[in-house]
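This report describes a protein with its ligand, moving from the overall fold to the nonpolar cores and then to the ligand site. Please keep the model open while reading.

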Amino acid sequence: MALSELNDRLRFVLVRTSHSGNIGSAARAMRTMGFDQLTLVAPHRFPDPEATALAAGADDVLGKASIQDDLVAGLTGTTFALGLSARRRGVNIPELDPREGVAQALAAARRGEQVALVFGNERTGLENDELSRCHAMIRIPSVDDFSSLNLSQAVQVVAYELRSALLADEAKDVARVPEAVLDPDEVPADAEQLERFFTHLGQTLDDIEFHKGRSPVTIMLKLRKLFLRARPELRELRILHGILADAQRMAEIAHKKD
Ligand code: SAH
């Protein structure tokens with residue numbers, strides 16, 4: 001499969017970037033490795049001359065960057081997301097090294113999935129609720145006492161690993177094995193469809209008084225992890241929505257009886 005087709009399925013998502021210069025440097029880092037799908041989630045300032053200056057000619061990447069208000073919108077259409085983080089947060093998702101992460105990202109892209117590589121804010125990194133929307137995290141193995149790379153340099157490492165893996169595959173691929181592309185009915189639900197399901201699940205747990213005064217935060221994170229691991233298809237989510245709707249209906253009947 002042509003590199004350009006895979007590029008269309010790999011999205012670099014920068015979340016709440018503070019310094020527009022980093023957006024430009026990230027665009028340059030991507031462009032040097034053959035990638036140009038950039039999504040900016042709530043950037044502090046964009047467009048900005050600082051971004052353009054540091055893009056050093058990768059203006060095409062900046063020019064067609066998609067700008068979104070929140071991460072769920074930034075992940076729309078993607079079915080597999082990897083969050084880049086120097087530190088393990090309160091969210092217990094699988095941790096991969098860059099090579100393994102890139103291998104999984106490429107495997108999903110080759111199946112026809114849209115993949116997101118998600119990078120956090122310069123100071124605070126990815127928050128728990130942002131990482132909890134990712135299927136796994138990639139940690140670049142830096143030293144413990146100085147672990148945080150500059151944002152655009154982290155983008156460069158990932159873009160480089162992606163390109164190296166693609167070139168290695170291409171070299172091996174002389175006899176061209178046909179690509180296995182997913183049946184549209186079998187594509188896992190995307191980030192937005194999953195978000196709608198989690199909202200419904202959260203409401204239902206309230207309606208059936210599941211929490212009994214405890215905070216719903218931890219249980220919702222655990223449930224998110226479970227469903228992200230299962231990667232349900234849309235038609236499976238429909239069944240789950242149906243079950244939730246019935247549970248809500250029964251809870252309403254029970255309330256009326258009280
Ligand atoms: N102080 C923040 C670091 C932010 S650096 C923190 O502790 O999370 C900005 C972004 O660059 C991070 O959110 C992450 O996406 C990426 N990054 C920096 N260093 C990294 C590393 N060692 N491994 C993976 N991602 C890293």
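What follows is an account of a predicted model.

The protein has 11 helices and 7 strands. Its radius of gyration is 20 Å, close to the 18 Å that the globule rule gives for 258 residues, so the protein is as compact as a globular protein of that length. Along the principal axes, the C-alpha atoms fill a box of roughly 70 × 45 × 35 Å, and 45% of the 258 residues are buried.

The largest nonpolar core holds 42 residues, of which Phe12, Leu14, Phe35, Leu38, Phe119 and Leu162 touch the most other members. Helix α8 (residues 151-172) gives the most to this core, with 7 residues. Leu162 touches Leu10, Phe12, Phe35, Val102, Leu106 and Leu117, when residues up to four places away in sequence are not counted. A second, separate core of 15 residues includes Val15, Leu71, Leu126 and Leu131.

Around the ligand there are 21 residues, and Leu84, Arg87, Arg123, Ile140 and Leu149 come nearest.

| Residue and its atom | Ligand atom | Distance |
|---|---|---|
| Leu84, polar backbone atom | oxygen | 2.7 Å |
| Arg87, side-chain N or O atom | oxygen | 2.9 Å |
| Arg123, backbone N or O atom | nitrogen | 3.0 Å |

Taken alone, the ligand exposes 540 Å², and the protein buries 95% of that area.

Technical notes: Residues are numbered from 1 along each chain as its sequence is written. This is a predicted model: local features need pLDDT of at least 70, side-chain atom pairs count only at pLDDT 80 or more; totals for chains, interfaces and linings use all residues. Side-chain values use heavy atoms; hydrogens and water are left out. A nonpolar core is a set of buried Ala, Val, Leu, Ile, Met, Phe, Trp, Tyr and Cys residues joined through side-chain atoms within 4.5 Å. Buried means under 20% relative accessible area, exposed over 50%, partly exposed in between (1.4 Å probe, protein chains only). Helices (H or I, at least four residues) and strands (E, at least two) are DSSP runs, numbered from the N terminus. Contact means heavy atoms within 4.5 Å. A residue is near a molecule or strand if one of its heavy atoms lies within 4 Å of it. A polar contact is a pair of N or O atoms within 3.5 Å; within protein, one must be able to donate a hydrogen and the other to accept it, and residues adjacent in sequence count only if both atoms are side-chain atoms. Accessible areas come from the Shrake-Rupley method with a 1.4 Å probe; for residues, only the protein chains shown count as cover. The radius of gyration is taken over C-alpha atoms; the globule rule is 2.2 Å times the number of residues to the power 0.38.
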